[in-house]
Amino acid sequence: MSGKKILMLCGEFTEEYEIFVFQQGMEAVGHTVHVVCPDKKKGEMIQTSLHDFEGHQTYIERFGHLAEINQTFSEIVLEDYDAVYCAGGRGPEYIRTDKRIQTMVRHFHETGKPIFTICHGVQILVAVDGVIRGKKVAALGACEPEVILAGGTYIDVKPHEAYVDGTMVSAKGWTGLAAFMRECLKVLGTEIRHT
């Protein structure tokens, strides 16, 4: 089976691990991942962030590495993609208001193509009416009220787990990337065999 094409929606200060680990892991097994950001062109960079819990009441934020955009935003042809991935971090809180991002998410929802979301990525999905209505979805705990208000059921998975509801795969944050990616691969129909 040939590799699938995945559209990764990012903004400035998207969580570093949720970009790099996902992209490199998917590419390692033959899939193509296009990292895009509103109004950015192929070859441009975005600033990522690094979030962690260090005993405070909420997570801390540090600068991450720069991430390269590998597809020009204005040249995206949605029909060319097999799935969409909403990475977390701070990016979702502002790109979710972009009508072009909302149109992209609506396309994947209405065509029944897989939707992957981790951490704050669910903020992109709740900005589009109906996308998570009736769905069970994991996300960072701070996003629980938004999930509920959008008609979804928040699933409080353990930090190293992921949740699958049909073709929607979700997880709480970057510590769940291994389980999250394993479930994304299953939804994409990817088999990995050890000999």
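This is a predicted model: local features need pLDDT of at least 70, side-chain atom pairs count only at pLDDT 80 or more; totals for chains, interfaces and linings use all residues.
**Ground rules.** Residues are numbered from 1 along each chain as its sequence is written.

**Sheet.** I looked up the strands (DSSP runs of E, at least two residues; helices are runs of H or I, at least four; both are numbered from the N terminus). I found 6 strands in an open sheet, ordered S3-S1-S6-S7-S11-S10, with mixed pairing; two strands pair if DSSP finds at least two bridges between them. At the edges I noted strand S3 (32–36) and strand S10 (162–165), each pairing on one side only. S10 runs antiparallel to strand S11 (residues 168–171), joined by 4 bridges. I noted that Val-164 has Val-169 in S11 as its bridge partner.

**Rings.** I searched the whole structure and got 6 aromatic pairs. Rings of Phe, Tyr and Trp (its six-membered ring) pair if their centres lie within 6.5 Å; planes under 30 degrees apart count as stacked, over 60 as edge-to-face and the rest as tilted. Tyr-17 and Trp-174 have ring centres 4.6 Å apart and planes at 70°, so I logged the pair as edge-to-face. Tyr-17 sits in helix H1 (residues 16–28) and Trp-174 in the loop between S11 and H6, 157 residues apart. I logged Tyr-85 and Phe-180 as tilted, at 5.7 Å centre to centre and 40° between the planes. Tyr-85 lies in strand S6 and Phe-180 in helix H6, so this pair ties together parts 95 residues apart in sequence. Ring pairs also link Phe-22, Tyr-85, Phe-116 and Phe-180 into a cluster.

Terms used: Side-chain values use heavy atoms; hydrogens and water are left out.
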